[in-house]
Amino acid sequence: MDWWLKSYWANGRFELPERPGEVTMKGAPLTLIGEKLRPGLPAPFFRALDPELKEVTFDDFKGKPLVIASVPSLDTSVCDLEAKHFHRAAAELGEGVGIVVISMDLPFAQKRWCGANGITGMKVLSDHRDGFFGYRYGVLVKELRLLARAVFVIDRDGMITYVQVVPEMSDEPDYDRALLSLRETARK
């Protein structure tokens with residue numbers, strides 16, 4: 001059993017924190033699994049797979065400001081728009097910052113999507129294998145086993161500076177606030 005899961009093992013079963021009704025999909029309330037993150041907390045360690053099936057961890061981004069955008073699926077119109085928006089931001093911001101889009105999509109589907117859309121300036125990661133990112137960042141949707149739409153900004157020291165969990169999963173995040181937070185974080 002992974003070390004992080006042991007802390008949730010009690011009475012012969014997992015007791016992961018649940019946050020009912022924090023997000024909706026088309027108005028229907030959903031339950032998020034995991035702790036609610038907020039600015040000022042250290043960003044949790046995570047691992048996920050890139051489109052080439054290589055494991056990528058939080059440690060791969062240490063030392064640079066980072067935006068992590070979790071999305072339900074790149075094969076939906078809103079997620080597609082969001083990922084492309086962050087890809088354009090990555091091109092404008094350059095190598096000094098990291099931008100990651102993470103979903104439960106299979107790495108093969110992510111590779112196809114990246115190729116079809118010319119995505120090269122940001123990391124696209126899959127949490128499909130074990131939902132580790134979803135649990136650790138508190139965005140795993142219990143009823144759907146998808147990630148909720150959320151944006152996290154993390155400074156070069158690994159501290160969270162901005163969080164937006166989008167209340168309605170079919171809505172886009174506040175790009176301006178997230179990217180402003182990233183720019184301010186990058187200047188520090």
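Predicted model: local features only at pLDDT ≥ 70, side-chain atom pairs only at ≥ 80, totals over all residues.

Me: What distance separates the C-alpha atoms of Ala83 and Leu125?

Reply: Those two C-alpha atoms are 12 Å apart, while the residues stand 42 places from each other along the chain.

Me: Which residue makes a polar contact with the side chain of Asp80?

Reply: A polar contact pairs N or O atoms within 3.5 Å. Here the side chain of Asp80 meets the side chain of Trp113 at 2.8 Å. Asp80 is also found in helix H2, and at 17% relative accessibility it counts as buried. Setting aside residues up to four places away in sequence, Asp80 touches Leu74, Trp113 and Asn117.

Me: Where does Arg149 lie, and which side chain does it join through a polar contact?

Reply: Arg149 lies in the loop between strand E11 (146–147) and strand E12 (150–154). Its side chain and that of Glu82 are joined by a polar contact of 2.7 Å. Although Arg149 belongs to a loop, its relative accessibility is 2%, so it counts as buried.

Me: Which residues are in contact with Tyr175, leaving aside its neighbours within four places in sequence?

Reply: They are Leu81, Glu82, His85 and Phe86. The C-alpha atoms of Tyr175 and Arg149 are separated by 12 Å, and the two residues are 26 apart along the chain. Tyr175 itself lies in helix H5 (residues 175–187); at 11% relative accessibility, it counts as buried.

Me: How many aromatic pairs does the structure hold?

Reply: The structure holds 8 aromatic pairs. One of them joins Phe45 and Phe132, whose ring centres are 6.2 Å apart; the planes stand at 70°, so this pair is edge-to-face. The reasoning rests on the angle, because planes over 60 degrees apart count as edge-to-face.

Me: Why does the pair of Phe45 and Phe132 tie together parts that are apart in sequence?

Reply: Phe45 lies in the loop between strand E4 (28–33) and strand E5 (47–49), whereas Phe132 lies in helix H4 (residues 132–137), so the parts tied together are 87 residues apart in sequence. Phe45 is partly exposed, with a relative accessible area of 26%. Phe132, at 0% relative accessibility, counts as buried.

Me: How are the rings of Phe86 and Tyr175 arranged?

Reply: Their centres lie 5.6 Å apart and their planes are at 70°, so this pair is edge-to-face. The pair links distant parts of the chain, with Phe86 in helix H2 (residues 77–93) and Tyr175 in helix H5, 89 residues apart. Both Phe86 and Tyr175 are buried. Elsewhere, one aromatic cluster is formed by Phe46, Phe58, Phe133, Tyr137 and Phe152.

Me: What is the phi of Lys26, and where is this residue found?

Reply: In general, most residues other than glycine have a negative phi. Lys26 is not a glycine, yet its phi is positive, at about 55°. Lys26 is found in the loop between strand E3 (18–25) and E4, and with 77% relative accessibility it counts as exposed. Arg145 also has a positive phi, near 50°. Arg145 lies in the loop between strand E10 (140–141) and E11, and its relative accessible area of 38% makes it partly exposed.

Me: Finally, how much space lies in the largest pocket, and which residues lie nearest its centre?

Reply: Rolling a probe the size of a water molecule over the atoms shows where empty space is left. The largest pocket holds about 240 Å³ of space. Its lining consists of 13 residues, and Lys64, Glu95, Val97, Gly121 and Met122 lie nearest the centre. By class, the lining has 5 nonpolar, 4 polar and 4 charged residues.

Terms used. Residues numbered from 1 in each chain as written. Heavy atoms only, no water. Helix = DSSP H or I, 4+ residues; strand = E, 2+ residues; numbered from the N terminus. Buried < 20%, exposed > 50% of the residue type's maximum accessible area, 1.4 Å probe, protein only. Contact = heavy atoms within 4.5 Å. 1 Å grid on protein atoms, 1.4 Å probe; cavity = no way out; pocket = protein on both sides within 12 Å on 5 of 7 lines; lining within 4 Å. Points joined across faces, edges and corners; volume = space filled by probe spheres on them. Nonpolar A, V, L, I, M, F, W, Y, C, P; charged D, E, K, R; others polar. Polar contact = N/O pair within 3.5 Å; in protein donor to acceptor, adjacent residues only side chain to side chain. Phe/Tyr/Trp six-rings, centres within 6.5 Å; stacked < 30°, edge-to-face > 60°.
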